[in-house]
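I opened my notebook to keep track of what I looked up here.

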Amino acid sequence: MGTYDNFKLLVQNTRTQNHDLVSERYKRITRRLNLDFRGLDSTSSYSRYVGSYGRGTAIKGFSDVDMLIELPYATYARYNDYLGNGQSALLQEVRSSIKKTYVNTDIGGDGQVIVVNFSDGMMFEVVPAFKNKGGESYTYPDSNDGGSWKVTYPILEINAINELNNQYNKNVKKLVRIMKAWRNQNNVPISGMLLETLVMNFLDGYKNNDKSYTYYDWMTRDFLKYLSERNQEQTFWKARGSGAKVYRKGKFEYKAKQGYLKAVEAIGDDEKYPSIAYKTWREIFGIYYPR
């Protein structure tokens, strides 16, 4: 197989699976919370996928699904007037509600979300939130340090990546997913959100940003070079759409440079030594690269 076929299969191999199971659990959680907080029997109203699953950048083998459930303003008012960490009390009420549906499932929290740990390894992180005026942002609870309210902009971030993905021939999400495969294979300390942000920044100025799979070896090489050249002293970047700060988890530039050099080798070996090139691409992408 040539470059086109190999990278087409690589992209296919990173696509998420288990959509029916994710949907079933999402609907059951949504229904339970709508019943308890609104008296509404609905499996779809007032909820949405957020995080990488909501932005379409999760990859096969992912373990967490982020969902946001919009609660009534009266609930916010009640817990905002609470004497002492109303945010923690709200999270506990949401946890107790979900527990009615998933009685034997491990359900906990991490300060901002309710974490539903299913026995098959899948994890739902449920964010209870309140829609703000204008509808572009949500207020959500943070029970850490005595409790406070935070603001998130998932709709703006989803719209931003969708718009750029359509503009660049669907290459934004495809490149993010294969670079997550590289990250996972090589234990690179970079979050999915930062990878998304840097992929979008990179493609904005990349001459081959709308090309087909034939160019994906070059695109991989050039993005890894771009990643390796980031300022190691820079602590955060601005998320597209929302402008929220996306912080680095660690130094990713050195491993990006290693990946770049391997990609250069693989491209150079591709015609004369395809078996060597194949081995090098497998070192970059791991099991996601086609056999």
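**Salt bridges.** I started by counting salt bridges, meaning a side-chain nitrogen of Lys or Arg within 4 Å of a carboxyl oxygen of Asp or Glu. The count came to 14. Before going on I noted that this is a predicted model, where local features need pLDDT of at least 70, side-chain atom pairs count only at pLDDT 80 or more, and totals for chains, interfaces and linings use all residues. Residues are numbered from 1 along each chain as its sequence is written, and side-chain values use heavy atoms, with hydrogens and water left out.

**Arg25 and Asp120.** I found these two side chains joined in a salt bridge, 3.0 Å from N to O. Where do they sit? Arg25 is in helix H2 (residues 19-38) and Asp120 is in the loop between strand S4 (114-117) and strand S5 (123-131), so the pair ties together parts 95 residues apart in sequence. For the names, helices (H or I, at least four residues) and strands (E, at least two) are DSSP runs, numbered from the N terminus. I then checked accessibility: buried means under 20% relative accessible area, exposed over 50%, partly exposed in between (1.4 Å probe, protein chains only). Arg25 is buried at 12%, while Asp120 is partly exposed at 46%.

**Arg240 and Asp204.** Here I noted another salt bridge, at 2.6 Å from N to O. Arg240 lies in the loop between strand S8 (236-238) and strand S9 (245-247) and Asp204 in helix H8 (residues 192-204), so this pair links parts 36 residues apart in sequence. Arg240 is partly exposed at 23%, and Asp204 is partly exposed at 36%.

Arg221 pairs with Asp222, with the closest N and O atoms 2.8 Å apart. Asp222 is buried, at 19%. I also jotted down a network of salt bridges linking Arg32, Asp36 and Lys100.

**Two helices.** At what angle do helix H1 (residues 3-13) and helix H9 (residues 216-228) pack? I got about 65°, with the axes 9 Å apart. Axes are lines fitted to C-alpha atoms, for helices over the stretch in contact, and angles run from 0 to 180 degrees between N-to-C directions. Contact means heavy atoms within 4.5 Å. Thr3, Phe7 and Val11 in H1 meet Tyr216, Asp217 and Thr220 in H9.

**Phe130.** My last entry is a residue of strand S5. Phe130 is buried, at 3% relative accessibility. Leaving out residues up to four places away in sequence, Phe130 touches several others, including Leu71, Tyr76 and Trp149.
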